[in-house]
Amino acid sequence: MPSLVTDMTIVISKNKSARSIAQRVREITGVDLGTCYQCKKCTSGCPVSGLAKCPPSEMMRRLHLDLGDELLDSDILWMCVSCETCSTRCPMGIDVAAVMDALRRIAMERGAAPGEGNVPLFNKAFLTTVQAFGRTYDLAMIASYKLGSRKLMADTEKFPTMLAKRKIALLPPTGADRKMVRRIFKKTKENKAADK
Amino acid sequence: MRYAYFPGCSAESTARDMHQSTLAVAQSLGIQLAEPKGWTCCGATAGHQTDRVLAVALPAATLIKVKDMGLDLVVNCAACYNRMKVANHEITTSEQVRAQVAEATGRDYDGSVKVRHFLEVLLDDVGTEAIAAALRSSLAGLKVASYYGCLLVRPNEATGFDDPENPTSLDRLVAAVGGTALDWPHKVECCGGGLSMSRTDVVVHLTNNIVAMAKAAGAECIVVSCPMCQINLDMRQLDIAKIKGIRHDMPILYVTQLLGLCLGIPAHKLGLNKLMVPPDRVLKAIVNAA
């Protein structure tokens, strides 16, 4: 378990991207990053801070220092479970979880490395089934994620029981307003393209 | 008591038992639930990690349908509940988000549909007295750890559910059906949620902490109200045994299953056979009310 008090060495590389990441985070979230005074309450309550090399308070400090693309390689980005404990406990009312969401979106926009477990691939597999069927289709989502992440054997021993208990649906979902969902995905994509 | 009811995608897959037991309990207590026709996925964690507008427009698609029904919306999946509540919150607090959602969905929606968790309906609309009056059996002091996880209680300014650090809704319901609601420290710790497949290692670590703490507090079962919490705490006990060599054998029940049993609803109608850790000790503990 890394120490939460000492050992915070931050290296700033000079080749910064033209548009600062901290500035983009401010634009997306409306959060005033400067109000963070490094009390580390977010890190104390974070369920994965003991597992990540860079806990949430350190991400905030790195944003203060206006780091470049190396921010997007921090392991916390894709280990963060979006539990929102950080936002709930921040004495300055900073929505740290929204900052993490913004960093993930920037990481995806800029094609940063997906990190262990490839969460962006999981999210994509999930949303692809939603786009197609209007609801999630676990079987297709799991197959697509497993193929892409080469985790073919993970959890296979549980499958027979899951199927016998009907905890995994074999057929895709029906009855959803697919037209509406496709419209939302299409419009969101158009907006994103216009935003760049 | 009539409400619109959003089952959520997991109701058709991993959490059929949550859905079945919700419907059975509702019927038993005279609560009418109507599914909005054509309801769609809330986007879940993948949605809000990907795009802000997508994250609000997806739940709004269903909220628009509910608005046309003129009813309050009841949700039992904590994750869907959270996304619906956050969508309403963002739409009512940001003109820009409201306009972007109107553009995405083709309908201007004002964020006014009242979204409620099924637990809130049970406690506030039905009430513990009416529930106690309808009971056929009692938990007879069974020691229950109430586990709320993240998405019911956080972010509290959006969900407004109970107390974000020490919620008591599940505990009150457990007490109402004759159980002993334990005071324990991991009520609102995170189970790892959507990382179940991508970072199973993280989820095994977190769920082991939670189940071990419940056990140390003397729990005979854990009661939950979220499909992600349920499957992580239940199914990942197999991995905890394999990886860490610890066998917890802790039954993880939906609160609607526990309540349903005490209302005299047969186990098969509550989907109890779907649990990975068999709830035998819970079934044995239940005694007929005098």
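In the predicted model, the C-alpha centres of domain 1 and domain 2 of chain B are separated by 24 Å. The domain assignment places domain 1 of chain B at residues 2-117 and domain 2 of chain B at residues 135-288. Across the boundary between them, 24 residues of domain 1 of chain B are in contact with 25 residues of domain 2 of chain B. On the domain 1 side of this contact, the elements that contribute two or more residues are α1 (16-28), α2 (44-50) and α4 (78-93) of chain B, and the largest share, nine residues, is supplied by α1(B). When the residues on the side of domain 1 of chain B that touches domain 2 of chain B are sorted by class, ten are nonpolar, eleven are polar and three are charged.

Attention was then given to helix α9 of chain B. This helix, which spans residues 169-176, is mostly covered, with six of its eight residues buried. The buried positions of α9(B) are Ser169(B), Leu170(B) and Asp171(B), together with Leu173(B), Val174(B) and Ala176(B). The cover over these buried residues of α9(B) includes the helices α6 (118-126), α7 (128-134) and α12 (255-262) of chain B, as well as the strands β6 (143-146), β7 (180-181) and β8 (221-224) of chain B. Just after α9(B), the backbone at Gly178(B) adopts a positive phi of about 90 degrees.

Terms used:
Residues numbered from 1 in each chain as written. Chains lettered and ligands numbered in written order. Predicted model: local features only at pLDDT ≥ 70, side-chain atom pairs only at ≥ 80, totals over all residues. Domains from an automatic or database assignment. Contact = placed C-beta atoms within 7 Å. Helix = DSSP H or I, 4+ residues; strand = E, 2+ residues; numbered from the N terminus. Nonpolar A, V, L, I, M, F, W, Y, C, P; charged D, E, K, R; others polar. Buried ≥ 20, exposed ≤ 12 C-beta atoms within 10 Å, placed from the backbone.
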